[in-house]
Amino acid sequence: MREERPQRKRGLMQGTIQTTARGFGFFVPDDGGEDWFIPADAMNGAMHGDRVLARRTGNARGGIEGEVAGIAGRAWTQIVGVMDGGCVVPDEKRIPYVLVPLKGGRRTREGDRVVAAIEQYPDGRRPMLGRIIEVLGRRGEPGVDVLAVVRRFGIRDTFPKTVLDRAAALPHAVSEAELAGRLDLRGLCTVTIDGAHSKDFDDAVSLERLENGQVRLGVHIADVNAYVRAGSVIDREARLRGTSVYFADRVIPMLPEALSNGICSLNEGVDRLTLSCLMDVDDSGAVTNYRIAESVIRSRHRLVYEDVTALLEGDPDERERYRDIAPMLFELERLQKRLYARRHARGSIDFDIAESEIDIDAEGKAVGLAPAERGIANRIIEECMLLANETVAAHLRGRGLPCLYRVHEAPDMDRMRELNAFLQTLGYGYRIGESVQPAALQRVVEQAAGSPEEGIVSRLMLRAMQRARYSERPLGHFGLALGDYCHFTSPIRRYPDLIVHRILKWQLHGQLNGKRIDALKASLPALGNQTSAAERAAMEAERAVDDLKRCEYMQQQLGETFDGVISGVTASGIYVELTNTAEGFVRLSTLEDDWYRPEMHRYRIIGERTGRVLRLGDRVRAQVIRVDMETATIDLLLKPDYNNKRIYNPERKGDRRHGGKARRKGAGPKQKGKA
């Protein structure tokens, strides 16, 4: 019989604390069991994100209640906040403590945004104490808010001098000696297709028609490992960063610019070392043959998504401008349709959640906000990258070699049942058995396409699913309906891709001996955990900066009215996502036509007198009445001319908003950016 852990014998469980701004929180057990409710007076000094030992004390709110019995590891060693009355009020609102600075730190003034190192943690009796180690600037100064986010999430934004010196010493051009043994593809028509403001180009594509009627798709990826050797100072720094971080007003790269924008970047018209995945694809979109090889390419054009989309949609100026490669671009469009059809047939899910396009002026201020456009060019590149990632993962697994997989495990069935219960009220329910297949969720997304609640349905599905992560085990990718998947196509900006390149190159050179394979098997689990954590921190930081910049823009829109859809329901009000992607909050107390009762489990509010229902996905009109940059929140006032005038009637038939059958199928969802 398996021996129980000592903690379990003593009635203790190990896990992580997730707190709220109101002081109480939840204990998330490591074993994946049910979350426990932890009252504020049972936290015993634990803070958001801390690793703790917890003890069950009873039942509450239909679940388990517990208390923190001990702290196994602290999530925070530094706090970012604002000086207020001689104390530091943390920016992270889930830390319900005020940090009291110790003497001996940096001199500060009221309103300074600072970084403080924690030197005494709270324990219920003593306050949290710290020492000011950095003054970021005055609250409200340009750039200080973004810098505070960088510090808050521990993003490394400066390179050590040793790393910069080593990067500066690298060659600025490919030498003839470096070409020995490489597949020379410089005569092949290869192009990069990226955003207008991109500077680091780590992928290029080519397409040739073969005599047998198939096409040969080439996905050519920057050979970063040719310049970043395992264990070098640049490699160690890249591993610590894990990923590049993309903010609205700046990029914090994983690699120094001498690499990311220089010798590794597949710039137009220059020789670059690459790792190429050449795939022969038939009319059904299946790969019939492939080759992975070290290569050298010379990109013919640096293309922009919008320009390629315009060309494919018939723009005569763009067709003339790129007449030398227009036939290949049309071939790529036809291939994209075949690849998407094949992916769709196996049940791959495409979520359509609007991303923000935030325009920034020279001073870093947000001056424009709109949904990001996704055209056919974006979809072409995504399908090409997905196919290359899948092919590489299958290649390594098929040979029994180690790999750092990109995995997305099947969702928890309890969450799927809760999601289904709500979707049924919109007419989008799916059949629940012992498991849910990706194809069932794919059908829901397609049914919702083009409707007001389209983005809400996709967002709720994502929240109900597991989070994608990196793992040494081939656990499959639920969302893509794939058994084998890894990240291969972005080694300039993602460390896991660099690891996959390294494994491939060792295999190509016959250097994957037993000793190296054993070392990889031993190191990949920790590397998967580390890079997954780095990715989560980067995503949260990017989201926080986007929220700040959206608020900065909406400050200029005070008093203006926008269309939107209800995107969330709480006990005190509703969230509304405006058509420009900003999200604001409408307090129930501001609704004057009735007294509304929230039903959060059904994602709606109901008027007690009129029976009027406002629910997730309903169209509304709202006025911006307040913007708070400190909390990155927007307050809205619902206008009396909101579009949803329906009166709640549970017996109403045929209305999918009230449980009836959906009558319309929308077009397929848009594709997102690079895989």
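Accessible areas were computed by the Shrake-Rupley method with a 1.4 Å probe, and for residues only the protein chains shown count as cover. On this basis the chain exposes about 31000 Å², of which carbon and sulfur atoms supply 47%. The structure is a predicted model, in which local features need pLDDT of at least 70 and side-chain atom pairs count only at pLDDT 80 or more, whereas totals for chains, interfaces and linings use all residues. Residues are numbered from 1 along each chain as its sequence is written, and side-chain values use heavy atoms, with hydrogens and water left out.

The overall dimensions of the chain were examined next. The radius of gyration, taken over C-alpha atoms, is compared with a globule rule of 2.2 Å times the number of residues to the power 0.38. For 675 residues a compact globule would have a value near 26 Å, and the 27 Å of the chain agrees with this. Along the principal axes, the C-alpha atoms fill a box of roughly 75 × 65 × 65 Å. Of the 675 residues, 53% count as buried (buried means under 20% relative accessible area, exposed over 50%, and partly exposed in between, with a 1.4 Å probe and protein chains only). Among contacts (heavy atoms within 4.5 Å) between residues at least 6 apart in sequence, 66% join residues at least 24 apart.

The chain comprises 14 helices and 31 strands; helices (H or I, at least four residues) and strands (E, at least two) are DSSP runs numbered from the N terminus. Strands of a sheet pair through backbone hydrogen bonds, either parallel or antiparallel. Two strands are taken to pair if DSSP finds at least two bridges between them.

Strand 2 (residues 25-29) pairs in the antiparallel sense with strand 1 (residues 12-19) over 5 bridges, and Pro29 of strand 2 is the bridge partner of Gly15. The hairpin of these two strands has 5 residues between them, and within this hairpin Gly23 takes a positive phi near 105 degrees. Strand 2 also pairs in the antiparallel sense with strand 3 (residues 36-38), over 3 bridges, with Trp36 of strand 3 as the bridge partner of Phe27. Gly25, Phe27 and Pro29 form the covered face of strand 2, while Phe26 and Val28 form the uncovered one.

Strand 6 (residues 78-84) and strand 7 are antiparallel partners over 4 bridges, and Asp84 stands opposite Cys87 in strand 7.

Backbone angles were considered in two further loops. Most residues other than glycine have a negative phi, and most peptide bonds are trans. Thr581, which is not a glycine, has a positive phi near 85 degrees. Thr581 lies in the loop between strand 25 (573-578) and strand 26 (583-587) and is buried, with a relative accessible area of 9%. Ala632, also not a glycine, has a positive phi of about 55 degrees. Ala632 is found in the loop between strand 30 (619-628) and strand 31 (633-638) and is partly exposed, at a relative accessible area of 26%.

Gly584 lies in strand 26 and is buried, with a relative accessible area of 1%. Leaving aside neighbours within four places in sequence, Gly584 is in contact with Ile574, Tyr575, Val576, Ile634 and Leu636.
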